[in-house]
Amino acid sequence: METFYSIIYVKTNSITDEHLAVGLFLGGGEGPFFYLSDKRLKLLKYSVHKNTFLALQRHLKSLKQKIDNYRKSNNELMLFNPHYSQEEFARLSKVTKGAIKYSVPVSVNEWLNEAFYEQFVQKVLGEKIIKSSRNRPVFQFKWKAFYQSNRFLEWDREIP
């Protein structure tokens with residue numbers, strides 16, 4: 001299956017027909033990849049009504065989660081039965097009633113892997129992909145480490 005990409009646009013103003021590119025979808029090769037720009041979503045937050053933004057964000061985040069789950073569950077390559085294709089993007093556009101537009105998929109003459117995905121996002125959207133781990137320590141462990149630290153060894157009680 002050939003590698004293709006589609007840019008995800010959000011319609012910010014219906015009167016002037018303005019669009020803002022907020023994400024990028026790459027399909028083919030080693031599976032679908034989906035990138036959502038946090039900076040552009042913050043810009044969108046201040047451009048549209050709060051309820052509209054929440055609905056758009058909810059739709060985009062669920063699409064990203066669905067694609068990530070698809071990548072994790074299917075380890076084999078889907079060469080002959082692509083799950084995300086031009087017809088799927090047309091259906092998604094109809095579901096959102098034109099608020100989110102997916103560009104026509106464009107073929108790329110390159111094998112899609114993680115390195116190519118990161119380079120392509122940087123070239124098209126101008127942003128580096130930052131991988132963050134959301135593992136935060138539990139509050140009890142942080143508190144125990146804080147009050148048992150060396151900071152409190154020199155304190156004396158002054159109780160009569």
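**Close-up 1. Asp17 and Lys11 are joined by a salt bridge between their side chains, with N and O 3.5 Å apart.** A salt bridge is a side-chain nitrogen of Lys or Arg within 4 Å of a carboxyl oxygen of Asp or Glu. The structure is a predicted model in which local features need pLDDT of at least 70 and side-chain atom pairs count only at pLDDT 80 or more, while totals for chains, interfaces and linings use all residues. Residues are numbered from 1 along each chain as its sequence is written, and side-chain values use heavy atoms, with hydrogens and water left out. Asp17 is found in the loop between strand S1 (3-13) and strand S2 (18-27); strands (E, at least two residues) and helices (H or I, at least four) are DSSP runs, numbered from the N terminus. Although Asp17 is not a glycine, it has a positive phi of about 60°. Asp17 is partly exposed at 43% relative accessibility, and Lys11 is partly exposed at 27%. Buried means under 20% relative accessible area, exposed over 50%, and partly exposed in between (1.4 Å probe, protein chains only).

**Close-up 2. The side chains of Glu127 and Arg40 form a salt bridge of 3.5 Å, N to O.** This pair links distant parts of the chain, 87 residues apart: Glu127 is in the loop between H4 and H5, and Arg40 is in helix H1. Glu127 counts as buried, at 10% relative accessibility, whereas Arg40 counts as partly exposed, at 23%.

**Close-up 3. Within helix H2, Asp68 and Lys64 lie 4 residues apart, about one turn of the helix.** They form a salt bridge whose closest N and O atoms are 3.8 Å apart. The count of salt bridges comes to 3.

**Close-up 4. Helix H1 (residues 38-47) packs with helix H2 (residues 50-73) at an angle of about 155°, their axes 9 Å apart.** Axes are lines fitted to C-alpha atoms, for helices over the stretch in contact, and angles run from 0 to 180 degrees between N-to-C directions. H1 and H2 are therefore roughly antiparallel, a term for angles over 145 degrees. Leu41, Leu44 and Lys45 of H1 meet Phe53, Leu56 and Leu60 of H2, where contact means heavy atoms within 4.5 Å.

**Close-up 5. Tyr117 lies in helix H4 (residues 114-125).** Tyr117 counts as buried, at 7% relative accessibility. Not counting residues up to four places away in sequence, Tyr117 touches Leu26, Phe33, Phe34, Tyr35, Leu112 and Ile129.

Terms used. Parallel < 35°, antiparallel > 145°, perpendicular 65-115°, else oblique.
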